[in-house]
Amino acid sequence: MSSGHDEIALEEEFARVSLKRSTLRRLAAYLRPQRKLLLLALFLEIVWVCSMLLEVHLVSLAVDGPLASGDVTGMWWMAAWLVGNIALRVVLTILELGCSTKAGTQIIHAIRQDVFDHVQRLSMRYFDRTKQGRIISRADRDVETLEHLIMWGPIILVSLGFSMVLGFTMIFVQNPRLAAWFVPAIPVVWFTTQLFQKLGFPPYRRQREAHSGISSHVAETITGVRVVKAFGAEARELSRLEAMQRTYRQAVLAGARIAGAYIPTLSITFQAVLIAIFVLGGRQVLDGDLRIGELLEFVLLLGFVLGPVQGLGGLYNESLIAGAAAERIFLLLDTEPEVLDRADAVDPGRLRAEVEFDNVSFSYDPDGKAGRQLRNVSFRVPAGSTVALVGPTGAGKSSIANLVARFYEAQEGVVRIDGHDVRDLKLAALHRQMGIVLQESFLFAGTVLENLRFVAPDLTEEQALTAFEELGCEDVLAGFADGLLTEVGERGANLSEGERQIVCFVRALAGNPAILILDEATSAVDTHTEILILRALHRLSHHQTTFVIAHRLSTIRDADVILVVGVGRIVESGTHDELLERGGAYANLYAEYAA
Ligand SMILES: Nc1ncnc2c1ncn2[C@@H]1O[C@H](COP(=O)(O)OP(=O)(O)O)[C@@H](O)[C@H]1O
Ligand SMILES: [Mg+2]
């Protein structure tokens, strides 16, 4: 809900400043590559408007010519001209639709690619701070909002503007005396439109807000459906939705009432103008100053002038909404990833993966107001060793792993891999050689094999089978209905938590990582299997450095070095036997664990 509020506030703020010039300039940059198509579409639209005006003129000619004189052949000719003119418009419309749709979809394609690409490059800290729903709404809904305006905005603008200017010129050229009577109608229409837009904005805002609330409520309830069911909270969730729907309905109705008042007001103005013109024009006809066909043409031309006023109002409204969407998209694109490749970043090639923390202090909050989560952490682990991080929940074990993976960067001190400051390494090169298995294992919808190929695209089925065997997990694979081709479901929901972790494990190893990070990666696996896996890992691990975070201390006894983490610092380090002998924090932990 609150994300909806923030977003609406943001939207309103943007709407108030109207379309910023910088936003238009940036949008124009996306339009530029498609300018040929867009210009062609605009040209076709202008021809289309001319054809509409021609039609009006033809009707007037028909009335004053063949119709007045009873010339049947002449009427047929006129009809033929009119039909030809309509056929021309059909062709124009088809061509124009093709051009603008092609240009529009290509522009949106480019924007969507840029947004997605950028989102993927943003740093963890951004995802910590920003609600998922909001990021998704930027990447998806905002782009869609923009789509309609980009495809049709310029065309509608030119079309309406052109028809207004041309219509206006023509009525003045044809009958200045009559045209002068119509001028007062213009400000009336303009101000009415403005007034109703102002009145309409608050209900529109409430409607958006309620809508956003409903969407996130539905999404949340579906994501958390297990919790809802487990606590029997269905009725409560339903009545919460009902309340939101009521607000939404009221806002829509309020908006509809305003729109409902607007349309008659406008049409009354139009009718009044028409009546005035008919009376005054009728006098001119009776006086013999004006022919009936000319009066008819005049009245029809008025439509070309007054009609667009309403259309332009709507376009203005839409451009504010789309402009706000564009602002939000650019805001996202302007968010710099905090962890970035330096200009002179190097690709270190295959890492041996000696890892060193040199007096590292780190806080998740860049301002450091929330206190530091790691303080003066120093250690060095040789290439190919297995390092266990143990300590209480919230001590900072995962934070250490996050810094090794360079999901975040330390504010003080240096993290080195093979003697390079990690900040000097190319991120892509580093992450390619990193295998990570987390407690919340995440699989993509698809088969087990497809998930493994996410990391190693060329992995064969045999290699995949071997990978399971090497880990000692072939039994787990055998338990899957279709073996490697088992569909894991969305987020891997068709597998048990432990099975998911094992697939994640194999996936991490499939990439042949130089650094393997296991953050409570076997927490959902039974102790027997966990020991099997870690032992297998130990066997396999001579060409990789492994960080293991595990709570069952029995599983990490074989580690080459155990780092004991107490609130933000390393309190002890050594092998299992050394630490037991010392009788310190680890010995206590172990005693508790073994008890
Ligand atoms: N993304 C985050 N943003 C802010 N604080 C965090 C974040 N992740 C962890 N913390 C905080 O950092 C501290 C250490 O957490 P963590 O390293 O995850 O502990 P653990 O040893 O259980 O893995 C905790 O106090 C935790 O609340
Ligand atoms: Mg953790």
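Tutor: Happy to! Let's start with the overall layout: the chain is split into domain 1 (10-174 + 312-338), domain 2 (176-289) and domain 3 (383-397 + 433-594), with bounds that come from an automatic or database domain assignment. Between the C-alpha centres of domain 2 and domain 3 there are 58 Å. A word on what you are viewing: this is a predicted model, in which local features need pLDDT of at least 70, side-chain atom pairs count only at pLDDT 80 or more, and totals for chains, interfaces and linings use all residues. Residues are numbered from 1 along each chain as its sequence is written, while chains are lettered from A and ligands numbered from 1 in the order in which they are written.

Now to the strands. Helices (H or I, at least four residues) and strands (E, at least two) are DSSP runs, numbered from the N terminus, and two strands pair if DSSP finds at least two bridges between them. In the order 6-7-8-3-9-10, 6 strands make up an open sheet with mixed pairing. Strand 6 (434-437) and strand 10 (569-574) each have a single partner strand, so they stand at the edges and one side of each has no neighbour in the sheet. From one strand to the next, the twist averages 15°; such angles run from 0 to 180 degrees between N-to-C directions, with axes being lines fitted to C-alpha atoms, for helices over the stretch in contact.

Look next at strand 3 (residues 386-390) and strand 9 (residues 561-566): they run parallel and are joined by 4 bridges. Here Val390 has Val564 of strand 9 opposite. Helix 17 (residues 497-510) packs on the sheet, where this helix touches strand 6 and strand 7 (515-519). Contact means that the C-beta atoms of two residues, placed from the backbone, lie within 7 Å. The direction of helix 17 makes about 175° with that of strand 6.

There is another set of paired strands to find. Strand 1 (residues 355-362) and strand 4 (residues 412-417) run antiparallel, with 5 bridges joining them, and Ser361 stands opposite Glu412 of strand 4. Strand 4 is also joined by 2 bridges to strand 5 (residues 420-421), again in an antiparallel pairing. Ile417 faces His420 of strand 5 as its opposite residue. The hairpin of strand 4 and strand 5 has 2 residues between the strands, and in it Asp418 takes a positive phi near 50°.
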